[in-house]
Amino acid sequence: MLASLRSGHTLAVYFALRFVASILGLFLLAAVLIFIFDALELLRRASDQDGASLARIGAISLLRVPQLMEQVLPFAVLFGAIAAFLGLSRKLELVVARAAGVSVWQFTAPALIVGIVIGIGAVLLYNPLAVTLRTQSDELASGLFGREQNFLLQTTGDIWLRQDGQDGESVLHAKQILNSGERLLGVTLFTFDRQGSFLERIEASEATLGEKTWRLSDATVYSTQGDPQTYESYNVSTYLTPTEVRESIAAPESIGFWDLPRVIELSQRAGLPAYRYSLQYQTLLARPALLAAMVLIAACVSLRVSRMGGIGRLILGGILAGFVLYVLSELGKDLGGAGIVPPIIAAWAPGVFGVLMGITILLHLEDG
């Protein structure tokens, strides 16, 4: 009895290590490819800019890659699990294990545990680190690409924001966001008086949100009453608070997992909709379930291969199922971010659906 338990534990550890190696290998390979393409793109954009050294561009891209890889993680788990299962099948290790009485649930359990542990680590540790590194990347790239900067990962694109202040209304346009929206680069402001008449256009390299004011650096003021004037520092009044700015223009992906509950609470206290931040928080919480669904899809493929053959067709089916699951998760994000569907349902539905689908298929294949 004890020997049987030890052998079962050894087999589970062996399977788990195979899955870890396969998933990690694919993840690192994807990271290297993304780094190369991203660095080449940034180098092309900055080729005619002062200070655009190869080392600086490489550092900017290297710091950006971890957050880019968060989108790749589910596919790394899917393809890594498929590769591990197929490797075990090709070497007849799964065949021998099943002949020895090991059920599909026993050799799938190590992969599931690995997927769930990776998901938990990705939420608690990897996501905050990726957000921090992305912030450092933006700081390092500050000013390098000029006022026309528009990062590849900039989810909101150019920023337009209408605001009110003590001096009247104004419309703000910015090219780049830093510090969750409290610092903007490449800023253009159009100001109006209380009657709605145009007053001036202000071009500034940087804007920092202070107490009821935007502090503009290196500002050039164009008005209808005289020649352009240049100021080292120029203030424009605003009633916006940091929370309102963050809710208006800061991407949810720019806020780490541990900071999201505080941002959600602040937004709700300010009477602002927090759908996007609640959705991001629930999406991160549901990531282990999504990765578990990817593992189960890979298990379905491997079991059918070992019994029925047709590796290429069945692998393609598994990949298509993974992509469908990913599309469903993206659709849920769109619906949840707009407030059409509750964030908790939009975030958890794809993962839960994938897990139930995988379990159903495995039950059918295993028990008929």
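This is a predicted model: local features need pLDDT of at least 70, side-chain atom pairs count only at pLDDT 80 or more; totals for chains, interfaces and linings use all residues.
Figure 1. The phi of K212 is positive, about 60°, although the residue is not a glycine. Most residues other than glycine have a negative phi. D218 is likewise not a glycine and has a positive phi of about 50°, but D218 is located within strand 6. With a relative accessible area of 48%, D218 is partly exposed.

**Figure 2. The hairpin of strand 1 and strand 2.** Strand 1 (residues 159-163) and strand 2 (residues 170-174) run antiparallel and are joined by five bridges. Within this pairing, S170 of strand 2 stands opposite Q163. Six residues lie between the strands of the hairpin, and G168 takes a positive phi near 130° there. In a regular strand, side chains alternate between the two faces of the sheet. In strand 1, I159, L161 and Q163 form the covered face, whereas W160 and R162 form the uncovered one.

**Figure 3. The largest nonpolar core and the surroundings of Phe85.** The largest nonpolar core contains 39 residues, and F15, F19, V77, F85 and F107 have the most contacts inside it. At least two residues of this core are supplied by each of helix 1 (2-45), helix 2 (54-69), helix 3 (73-90), helix 4 (93-99), helix 5 (104-141) and helix 9 (287-308). When neighbours within four places in sequence are left aside, F85 is in contact with F19, L94, F107, A111, V295, A298, A299 and S302.

Figure 4. Helix 1, helix 3 and helix 5 each contribute at least two residues to the lining. Helix 5 gives the largest share, seven residues.

**Figure 5. The largest cavity.** Rolling a probe the size of a water molecule over the atoms shows where empty space is left. The structure holds one cavity of 30 Å³ or more, and the volume of the largest cavity is about 200 Å³. Fifteen residues line the largest cavity, with T283, R287, L290, S329 and K333 closest to its centre. Two or more lining residues come from each of helix 9, helix 10 (311-337) and helix 11 (343-367).

**Figure 6. Phe37 on helix 1.** F37 belongs to helix 1. Its relative accessibility is 59%, and F37 therefore counts as exposed. A distance of 9.3 Å separates the C-alpha atoms of F37 and S61, which are 24 residues apart along the chain.

**Figure 7. The protein chain as a whole, for orientation.** The secondary structure of the chain comprises eleven helices and seven strands. Of the 368 residues in the chain, 45% are buried. Among contacts between residues at least 6 apart in sequence, 65% join residues at least 24 apart. The accessible surface amounts to about 18100 Å², and carbon and sulfur atoms account for 63% of it.

How values were computed: Residues are numbered from 1 along each chain as its sequence is written. Side-chain values use heavy atoms; hydrogens and water are left out. A nonpolar core is a set of buried Ala, Val, Leu, Ile, Met, Phe, Trp, Tyr and Cys residues joined through side-chain atoms within 4.5 Å. Buried means under 20% relative accessible area, exposed over 50%, partly exposed in between (1.4 Å probe, protein chains only). Helices (H or I, at least four residues) and strands (E, at least two) are DSSP runs, numbered from the N terminus. Contact means heavy atoms within 4.5 Å. Accessible areas come from the Shrake-Rupley method with a 1.4 Å probe; for residues, only the protein chains shown count as cover. Two strands pair if DSSP finds at least two bridges between them. On a 1 Å grid over the protein atoms alone, a cavity is a set of points where a 1.4 Å probe fits but cannot get out, and a pocket is an open set with protein on both sides within 12 Å along at least five of seven lines; lining residues have an atom within 4 Å of a point. Grid points are joined across faces, edges and corners, and a volume is the space filled by probe spheres set on the points.
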